[in-house]
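Keep the structure open beside you as you read.

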Amino acid sequence: MKIVASDKPIVNETITDLDKSNPTGVADEGNPSLNGDADLSGDSDLSREARMAISIRNILEDVGEDPSREGLLKTPQRYAKAMLFFTKGYGENIYDVAKKAIFEADHNEIVLVRDIEIFSICEHHLLPFWGKVHIAYIPNGRILGLSKLARIAEIYARRLQVQERLTQQISQAIEEILHPQGVIVVMELVHMCVMTRGVQKTNSVTITSCKTGVFKTDKAAEEQFEFLLKMKHT
Ligand SMILES: [Zn+2]
């Protein structure tokens, strides 16, 4: 198998990261605070972390705490570091990940990577949600290195998200990288904002899916996906 170059990306929300005029790879949409003067590398990382820590210190005061007590002294910095890690997907793009892992192949059957664990942050409450994503596609002359499917999911999960958009973005990314016969992405996630506040349904799992191509038009393809998803590990 030989590596084939990925196509020039089609312009859309996902791919705005790749615009040459935007070398930081920061998406234009959904990320206003990182546009303009912000940079995602070098010294500015420190200043973003420091700015964030100041904000967290204010939050600690507003919940009635004393940010100068010993147990909380380093909490703002710790939280800022953690939040920058949880949102590191803004600084990454799918084509960097995929470009050396696209191969020509005659395989015409489903490729499924299931039970990929992901962790994301809900954009409505800034609380975590997590669980499993299953990604399948039927190639159309090209395949992607298997680990890259999980990496693509990770790039979008490490941003502020809603589950519905996350599902679509992963599916759209594979569509655009591989132009396969079809893609299907299914997510089974639990949301801390649902578990711990409001209705407090602690056991509820939210399932979303996004289908393209043959998975939409060919019932047999979708059934084959469901069969593979249910297969037990041997
Ligand atoms: Zn939420």
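At 1.5 Å a residue, the 16 residues of α5 should span 22 Å, and the end C-alpha atoms of α5 are 23 Å apart, which agrees. Bear in mind that this is a predicted model. Helix α5 covers residues 163-178 and packs on the sheet, where α5 touches β2, β3, β5, β6 and β7. The direction of α5 makes about 155° with that of β6. Just after the helix, His 179 takes a positive phi of about 45°.

Which residues of α5 are buried? They are Gln 163, Leu 166, Thr 167, Gln 169, Ile 170, Ser 171, Gln 172, Ala 173, Ile 174, Ile 177 and Leu 178. An α-helix has 3.6 residues a turn, so residues three or four places apart point the same way. Leaving aside residues up to four places away in sequence, Ile 170 touches Val 133, Ile 135, Ile 152, Ala 153, Tyr 156 and Val 185.

That brings us to the core. The largest nonpolar core has 37 residues, and those with the most contacts inside it are Ile 135, Ile 152, Ala 153, Ile 170, Ile 174 and Val 185. In soluble globular proteins, nonpolar side chains tend to be buried together.

Now for the sheet itself. It is open, with five strands in the order β5-β2-β3-β6-β7 and mixed pairing. β5 (160-161) and β7 (206-211) stand at the edges with a single partner strand each, so one side of each is left without a neighbour in the sheet. Two of the pairings can be set side by side:

| Strand pair | Sense | Bridges |
|---|---|---|
| β2 and β3 | antiparallel | nine bridges |
| β3 and β6 | antiparallel | ten bridges |

Strand β3 runs over residues 128-138 and β6 over residues 182-191. Gly 131 is a handy landmark here: Gly 131 is the bridge partner of Ile 118, and Leu 189 in β6 is the bridge partner of Gly 131. Trp 130 stands opposite Val 190 in β6. β2 and β3 form a hairpin with five residues between them, and Leu 126 in the turn has a positive phi of about 55°.

Helix α4 (residues 146-157) lies across β2 (111-122), β3 and β5, and runs at about 20° to β2.

Away from that sheet, look at strand β1 (residues 102-104), which holds Glu 104.

Finally, the chain as a whole. Its secondary structure comes to eight helices and seven strands, and buried residues make up 28% of the 234 residues. Among contacts between residues at least 6 apart in sequence, 71% join residues at least 24 apart.

How far does the predictor's confidence reach? The chain averages a pLDDT of 85, and 78% of the residues score at least 70. Over residues 6-38 the pLDDT is below 50, and this stretch has 44 contacts in the model beyond near neighbours in sequence. Where pLDDT is low, the predicted coordinates should not be read in detail.

Conventions. Residues numbered from 1 in each chain as written. Predicted model: local features only at pLDDT ≥ 70, side-chain atom pairs only at ≥ 80, totals over all residues. Pairing = 2+ DSSP bridges. Helix = DSSP H or I, 4+ residues; strand = E, 2+ residues; numbered from the N terminus. Contact = placed C-beta atoms within 7 Å. Axes fitted to C-alpha atoms, helices over the stretch in contact; angles between N-to-C directions. Core = buried A, V, L, I, M, F, W, Y, C linked by C-beta atoms within 7 Å. Buried ≥ 20, exposed ≤ 12 C-beta atoms within 10 Å, placed from the backbone. Expected span 1.5 Å × (residues − 1). pLDDT = per-residue confidence, 0-100.
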